[in-house]
Structures are given as C-alpha cells and as structure tokens.
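Here's a quick tour of a protein chain for you.

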Amino acid sequence: MTPVSEKKQHSRSWKSLPTGGFFVATLVVLLLCGPLFTSLDTRLRDVWSRWRLAAADPTTHPWAARLGGWLSPPSTPGPVVLVLADDRAILGIPNLYQGNRAAYAEAITLIASAGAKVIALDTFFGTPAGNGEEDEKLVAAVKNAGNLVLKAFRRGDEMMTPPYPALAMAGSVAPSYFRPLVDESIRRSSAVFRPTRGEAIPGFHADIVRLWLGLKRADLAFEPGRLVFRGASGT
C-alpha cells in the first residue's frame with residue numbers, strides 16, 4: 001500500500017469515527033439522563049402555562065404584555081370543566097386517596113357555588129368512612145348541590161353496587177363502564193345499564209347528559225340498541 005492510499009484510508013476512518021461516536025454518546029446520554037429531560041420538560045411546560053396566564057392579565061403582569069404575540073392568552077374554559085386530583089393533591093390533602101369525605105364535600109360546595117349545571121363525581125364511595133361528621137358533610141353537600149351524578153361500581157354487564165345508602169339517596173346514581181381496547185385506550189362507554197333485576201337505567205355519562213338537558217329519568221326511552229332523550233316536544 002502506497003503512502004497516498006494509506007493516508008486516504010486513514011482519512012476515511014477518521015471521518016466516520018465522529019458520526020458513530022456521536023450516535024453512541026447521544027444514546028448513552030438519553031438512556032442515563034431520561035428522567036432529567038422528563039423533569040426539565042415538565043418544568044418548562046409549567047413555566048409556559050404560568051406565562052400564558054400572566055399574559056391574560058397585563059394589568060397585574062405588565063411584563064407579559066411586552067412579549068406580544070409570543071404568549072397567546074389561554075382559551076376561555078368551555079362548558080365542560082374537568083377537576084382532577086393530581087399527585088400533589090393526593091400527597092398534600094390527608095386521606096384524600098382513601099376518600100376524604102370532608103375534602104370532597106368542600107370541592108362539591110365550591111363547584112356548585114360557581115354555577116355548575118351538572119356535577120359528576122367519578123369516585124366510588126361504597127361504605128361510610130366511619131367518621132359520622134365527615135359522612136354527613138358529604139351527604140349534605142350532594143343534597144345542597146342538587147345536580148350530582150354519583151358513580152356506582154359496575155360488576156359485569158348486569159350487576160352494580162351503589163354508594164352507601166345515605167349518599168345514594170342524596171344524588172343520582174349511575175354506573176360507569178368502559179371497554180378498553182388492546183392498547184388500553186378507552187374509546188367507548190355504555191350509555192344504558194340493564195340490571196339482572198329491575199328496569200334499565202342510563203349509564204354514568206348518559207345521566208350527565210340527562211341532567212344537563214334538565215330531563216327526568218321518566219323522559220328517557222330505552223329502545224333496542226339506543227337511548228332516546230325525549231324533551232318537551234316529545235323528541
């Protein structure tokens with residue numbers, strides 16, 4: 001091999017080294033620092049959300065107005081508002097994960113005072129907490145709101161367990177049921193529940209729609225394969 005060809009081969013090997021080395025180094029960094037990037041992404045999203053809220057109130061935050069179109073204000077909440085108990089709430093509110101009745105009663109009262117047309121509580125309270133005062137607070141909050149859909153635990157296609165009696169009598173009880181697909185995504189839910197004994201009743205989501213429309217359960221028609229909401233005009 002001549003010195004010229006040896007030099008060219010050495011040059012080609014040297015040029016291919018950074019590409020492969022950079023790929024391996026990047027892969028190692030991603031594997032080892034994945035949690036760091038996830039945390040950084042979360043923090044950046046939080047900061048961006050706070051800045052957008054600030055842009056919606058330029059009087060209090062004049063600095064946000066100077067950023068112009070970079071910070072579009074958040075959209076006005078739609079007719080459906082989802083209230084979630086995140087990890088911070090579960091860790092910060094005592095016994096929330098176990099179903100702190102007082103915390104739920106306070107949340108229901110607050111949401112009702114804001115003018116909610118329907119409140120759906122996607123939490124199952126099968127038995128009293130054992131604390132009479134907290135149980136009474138929850139029952140009273142549900143009664144005072146007057147528009148609560150309470151979750152019943154569905155056991156198969158024909159059986160369900162309602163909340164404990166005092167709570168069940170305070171609101172409208174309906175079972176929720178989902179059929180997750182192979183990828184664990186939920187894309188459909190039952191609108192009608194047909195128990196082994198008794199008449200058919202609307203499912204959790206259908207009962208929310210019923211209250212939203214201001215209808216009674218007697219205004220629903222359970223026809224084969226469909227649920228019909230009959231309004232004042234009969235349709």
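**Starting out on helix α6**

K143 sits in helix α6. Keep in mind as you go that this is a predicted model. With a relative accessibility of 54%, K143 counts as exposed, because the cut-off for exposed is over 50%.

**A neighbour from further along the chain**

- K143 and G171 are 28 residues apart in sequence.
- In space, though, the C-alpha atoms of K143 and G171 are 6.6 Å apart.

**How α5 and α6 pack**

- Two packed helices are described by the angle between their axes and by the distance between those axes.
- Helix α5 covers residues 101-113, and helix α6 covers residues 132-145.
- Their axes come within 8 Å and cross at roughly 20°.
- Angles under 35 degrees count as roughly parallel, so α5 and α6 are roughly parallel to each other.
- The crossing of α5 and α6 is left-handed.
- On the α5 side, the contact is made by R101, A102, Y104, A105, I108, T109 and A112.
- On the α6 side, the contact is made by E134, D135, K137, L138, A141, V142 and A145.
- Sort the residues of this α5 and α6 contact by type and you get nine nonpolar, one polar and four charged.

**A closer look at R101**

- R101 is found in helix α5.
- Is R101 buried or exposed? Its relative accessibility is 5%, and buried means under 20%, so R101 counts as buried.
- Setting aside its neighbours within four places in sequence, R101 is in contact with F125, T127, P128, A129, E134, D135, L138 and Y164.

**Over at helix α8**

- L211 lies in helix α8, which spans residues 204-212.
- Which residues does L211 touch, leaving aside its neighbours within four places in sequence? They are V118, N147, L148 and V149.
- L211 and V149 are 62 residues apart along the chain, while their C-alpha atoms are separated by 8.5 Å.

**The whole chain**

- The secondary structure comes to eight helices and eight strands.
- The chain has 235 residues, and 23% of them are buried.
- Take the contacts in the chain with a separation of 6 or more: 49% of these are accounted for by residues 24 or more positions apart.
- The accessible surface of the chain comes to about 17000 Å², and 61% of that belongs to carbon and sulfur atoms.

Note on methods
Residues numbered from 1 in each chain as written. Predicted model: local features only at pLDDT ≥ 70, side-chain atom pairs only at ≥ 80, totals over all residues. Heavy atoms only, no water. Axes fitted to C-alpha atoms, helices over the stretch in contact; angles between N-to-C directions. Helix = DSSP H or I, 4+ residues; strand = E, 2+ residues; numbered from the N terminus. Parallel < 35°, antiparallel > 145°, perpendicular 65-115°, else oblique. Left-handed = near helix turned anticlockwise from the far one by under 90°. Contact = heavy atoms within 4.5 Å. Nonpolar A, V, L, I, M, F, W, Y, C, P; charged D, E, K, R; others polar. Buried < 20%, exposed > 50% of the residue type's maximum accessible area, 1.4 Å probe, protein only. Areas by Shrake-Rupley, 256 points an atom, 1.4 Å probe, with all protein chains shown as cover.
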